[in-house]
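Please look through the model shown below. The paragraphs that follow lead from single contacts to whole chains.

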Amino acid sequence: MMHEFYFAWTGWLPEAIQTTSWIVIKIMAILLPLMLCVAYFTFAERKVIGYMQTRVGPNRVGPKGWLQPIADALKLLMKEIIIPTKSNKFLFLIAPILSLAPALAAWAVMPFTDFLVLADIDASLLYVLALTSMGVYGVIIAGWASNSKYAFLGAMRSAAQIVAYEIAMGFALVGVLMVAGSLNLREIVLHQSGGFWQWYFLPLFPLFIVYFISGVAETNRAPFDVAEGESEIVAGFHVEYSGMAFAVFFLAEYANMLLIAALTVLMFLGGWLPPVDVAPFIWMPPLFWFGIKTAFVAFFFLWFRATFPRYRYDQIMRLGWKVLIPVTLVWIAVIGLGKFYTPFGYIFQ
Amino acid sequence: MLTNYFPILLFILVGLALGTVAIGVGKVLAPNKPDAQKLSPYECGFEPFEDSRMKFDVRYYLVAILFIIFDLEIAFLFPWAIVLDEIGVFGFWAMMVFLGILVIGFIYEWKKGALEWE
C-alpha cells in the first residue's frame, strides 16, 4: 500500500531512480530501528551488569538514565580522532568501516517475519556466513595499521580465535542444513513450524550450544575477549582508536552480537513462530515473537560477561579445536545415521 | 533472479556509507590539536622502542593453514547437506568416507601437537 503511494508521488522520476530510492527507504526502515536497538543494547548491558554487581548502572542522564546512549554518542562525536604518526593512515581509517559494513549488511536477508524480508534469496544463510567472516578483516587491518604492539598482539589473537571458531560454527550450520534441506532462512524457520518441540534446538541440541558458544567467541565477547583483554593488552586491536573511529568499532561489535542472537533464533528457536499454536500465543504479532526471542538470546551475552572470568588463550584454542569441532563432527554423523538407519529418523526430517 | 540481489548490493553500500559518514562527521566536528606525544603509539607511558611489526609465533600460521583445510571441507558439506534426502544412503556414506579421511588428518595433527599452545 505504501509502495503504491510512493510510486504515485514520485511518478515524474525515471523508473530506475524510483525503484532504487524505494529500496533505500526500505533499507533505512531496517537500519534505523537496528541502530536504535544497538544503542539501547549498550545501555541494557551497563544496566544488567550493574544490577548483577548490586549497582544501579547509569542513572543520571535523562529519566532513570534512558538518555545515556544518546549522550555517549554525542560525546564520542565531539572527541578528537587521533591518527598515530607511525600508522598507515588510509588503512587506519578504513578498518572500522570494514568492520561495521558487514555487521549491518548481513541484516539484508534477515526474515523478521514471513513477509518482512528485504531480499528473500535462496542462498541467504551462505550470504550471512560470508559476511560474518568478513568482519575479521576490520580487526586485522586495525591491528596492523595502528603500528602499536598492543594492537598488533590483539589483532593476531583475534584472527586466530575467529578462524578457529568459524569452523565449529560452519559445522553446526551443516547440521541445520541436513535437517532443514534449504539455505533460505525463511524456509528454515517455516520448516520448524508446529510448536516449540519442532524447533531445532531439541534434535540439534549439541549444535545449538556449539553454535552459540562459537557466536560469543566470534564477536570477541567475554569470556573469550582476549583480543581486547584490557588487563593484559589494554584494549587490543582498537587501543589507538578514539572518537568516532572508536564508536564505529563499538557499533560493529554490538550489531554483531544482535546478529548472532537473531541467527540463533532463526535457526534453532523457530524465528517468528509462537511457542505453541493456541489462543493467547497466536494473538501476538510474529514480529513480537522474533523480537522477544532475540532479546532473550542477546541477554545471554550480557549474562556471560557479568558471570564468567576470561579464558586464557590456550584454553580458548583448546575449547575450539578439541571440544567443539569433534562434537559437531560426531553430531553430523549421528544426524545421518539417525535419518537413514533408525525408526526415529522423523526427528531429523 | 538478479533483482533479488540488487537490494543486497545497495545495503552493503549503505553500510559502508554509514561508517564513512560517521567518521567524516567526527573528523569535522571534533577538535584537532595534534602534538608529538599524543600521536605516538601507546606503550604504557614508555617511549615506544623497536618497530611494532615484529616477529610473531609461527602457530598463528599453522592455525590459518588448518583453517583453510577445514573451511574448504565446510564448503563441500554445505551443498551435500542440502540434497541429503535426495542422494540418500549412498551419498551419506560417500561423505562419511571423505570425513573419515579428514578425521584421520585431524587425529594426526592433534597427536603431533599442532593444536597445543603453551
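Arg186(A) and Asp114(A) are joined by a salt bridge, their closest N and O atoms lying 3.0 Å apart. The term salt bridge denotes a side-chain nitrogen of Lys or Arg within 4 Å of a carboxyl oxygen of Asp or Glu. This pair links distant parts of the chain, 72 residues apart: Arg186(A) belongs to helix H7 (residues 185–190) of chain A, while Asp114(A) sits in the loop between helix H4 (89–105) and helix H5 (124–146) of chain A. Helices here are DSSP runs of H or I with at least four residues, strands are runs of E with at least two, and both are numbered from the N terminus. Asp114(A) has a relative accessible area of 24% and is therefore partly exposed. On this scale, buried means under 20% relative accessible area, exposed means over 50%, and partly exposed lies in between (1.4 Å probe, protein chains only).

The structure is a predicted model, in which local features need pLDDT of at least 70 and side-chain atom pairs count only at pLDDT 80 or more, whereas totals for chains, interfaces and linings use all residues; side-chain values use heavy atoms, with hydrogens and water left out. Residues are numbered from 1 along each chain as its sequence is written, and chains are lettered from A and ligands numbered from 1 in the order in which they are written.

Over all chains, the structure holds eight salt bridges. One of them pairs Arg312(A) with Asp314(A), with 2.9 Å between the closest N and O atoms. Asp314(A) counts as partly exposed, because its relative accessibility is 21%.

Which residue of chain B meets the side chain of Lys339(A) in a salt bridge? The partner is Asp85(B), at 3.3 Å from N to O. Lys339(A) lies in helix H13 (residues 313–341) of chain A and Asp85(B) in helix H4 (residues 84–112) of chain B, so this pair joins two chains. Lys339(A) is buried because its relative accessible area is 8%, whereas Asp85(B), at 45% relative accessibility, counts as partly exposed. Elsewhere, salt bridges that share partners join Glu45(A), Arg221(A), Glu253(A) and Arg305(A) into one network.

Is Ile74(B) buried or exposed? Its relative accessibility is 3%, so Ile74(B) counts as buried. Leaving aside residues up to four places away in sequence, Ile74(B) touches Glu166(A), Ile167(A), Gly170(A), Phe171(A) and Val174(A). A contact of this kind means heavy atoms within 4.5 Å. Asp35(B) stands 39 residues from Ile74(B) along the chain, and the C-alpha atoms of the two are separated by 50 Å.

Chain B also takes part in covering a helix of chain A. In helix H3 (residues 68–77) of chain A, the buried residues are Gln68(A), Pro69(A), Leu76(A) and Leu77(A). Their cover includes helix H2 (15–52) and helix H10 (243–268) of chain A, together with helix H1 (6–29) of chain B.

The view may now widen to chain A as a whole. Chain A has 13 helices and zero strands. Its radius of gyration is 21 Å, which agrees with the value near 20 Å that a compact globule of 349 residues would have. The radius of gyration is taken over C-alpha atoms, and the globule rule is 2.2 Å times the number of residues to the power 0.38. Along its principal axes, the C-alpha trace of chain A spans about 65 × 60 × 45 Å. Of the 349 residues in chain A, 58% are buried. Among contacts in chain A between residues at least 6 apart in sequence, 74% join residues at least 24 apart.

Chain B has four helices and zero strands. What radius of gyration does chain B have? The value is 25 Å, but a compact globule of 118 residues would have one near 13 Å. Taken along the principal axes, the C-alpha atoms of chain B fill a box of roughly 70 × 50 × 15 Å. Buried residues account for 33% of the 118 residues in chain B. For contacts in chain B between residues at least 6 apart in sequence, 52% join residues at least 24 apart.
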